[in-house]
Amino acid sequence: MKLFIDSADIQEIQEAKEMGVLDGVTTNPSLVAKTGRSFDEVAREIVELVDGPVSLEVIATDYEGMIREADELMKYGDNVVIKIPLILEGLKATKTLADRGIKVNNTLCFSPMQALLSAKAGAAYVSPFVGRLDDISHDGMELIESIVEIYANYMFETEVLVASVRNPIHLLDSARIGADVATIPFNVINQMMKHPLTDIGLAKFLEDAKKVPQGG
Ligand code: G3P
């Protein structure tokens with residue numbers, strides 16, 4: 001299972017990279033806005049810092065605009081993945097870009113049928129938003145199960161990228177279902193590592209280590 005960080009904050013991305021488990025980055029306009037920095041500055045730094053795929057999202061909502069923006073975004077580096085919303089114009093743009101060999105991440109996926117169309121258009125990744133479905137009393141993980149099942153039935157190569165992750169249970173469920181990738185906010189990466197018994201156990205080991213007689 002690949003782990004991406006869902007962030008546009010360079011410090012967070014740097015820290016996640018240092019943990020040694022970072023496979024890529026996803027951003028969106030809301031995450032970039034949160035940094036208070038220009039898109040250009042943020043995109044340049046992330047692409048340079050990270051070896052793996054970096055999803056940068058288009059703002060245009062029409063086909064021509066999306067293609068134009070994708071061409072601009074690709075200039076940031078070879079590891080750029082174009083993030084395109086799952087609307088009709090986005091589907092057309094996905095097909096065109098995929099045919100040109102450009103990797104697309106279809107975002108804002110909320111149904112298995114949107115995911116089916118995404119795969120048929122040739123997206124490299126589809127991003128189902130589990131947390132936002134949970135927020136409206138739908139079961140976000142059911143969507144992941146359906147997409148993984150459908151993609152396996154037809155051997156689609158599009159990778160299921162679990163997004164809108166809010167807690168470690170989302171990751172546990174994603175891993176058990178066999179999702180290809182999860183993109184995780186920085187605070188949830190830290191939550192994954194934490195276990196009170198690890199901390200208590202370590203404190204005890206260190207305390208006992210002091211009782212071990214010194215010398216050769
Ligand atoms: O990158 C898109 C997605 O992960 C957003 O998450 O928490 O804003 O629903 P959230």
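**Exercise 1. Describe the largest pocket and its lining.**

The largest pocket holds about 490 Å³ of space, where a pocket is an open set of points on a 1 Å grid over the protein atoms alone, where a 1.4 Å probe fits, with protein on both sides within 12 Å along at least five of seven lines. Of its 28 lining residues (those with an atom within 4 Å of a point), Asp6, Asn28, Leu31, Lys34 and Pro185 are the closest to the centre. By class, the lining has nine nonpolar, 11 polar and eight charged residues. This is a predicted model, in which local features need pLDDT of at least 70 and side-chain atom pairs count only at pLDDT 80 or more, while totals for chains, interfaces and linings use all residues. Residues are numbered from 1 along each chain as its sequence is written, and side-chain values use heavy atoms, with hydrogens and water left out.

**Exercise 2. Classify the pair of Phe110 and Phe129, and state how accessible each residue is.**

Begin with the geometry: rings pair if their centres lie within 6.5 Å, and planes under 30 degrees apart count as stacked, over 60 as edge-to-face and the rest as tilted. The ring centres of Phe110 and Phe129 are 5.5 Å apart and their planes stand at 65°, so the pair is edge-to-face. Next, take accessibility, where buried means under 20% relative accessible area, exposed over 50% and partly exposed in between (1.4 Å probe, protein chains only). Phe110, at 32%, is partly exposed, whereas Phe129, at 6%, counts as buried.

**Exercise 3. Classify the pair of Tyr154 and Phe156.**

With 6.1 Å centre to centre and 50° between the planes, Tyr154 and Phe156 form a tilted pair. Tyr154 is exposed at 58%, and Phe156 is partly exposed at 23%.

Notes:
Grid points are joined across faces, edges and corners, and a volume is the space filled by probe spheres set on the points. Ala, Val, Leu, Ile, Met, Phe, Trp, Tyr, Cys and Pro count as nonpolar, Asp, Glu, Lys and Arg as charged, and the others, Gly among them, as polar. Rings of Phe, Tyr and Trp (its six-membered ring) pair if their centres lie within 6.5 Å; planes under 30 degrees apart count as stacked, over 60 as edge-to-face and the rest as tilted.
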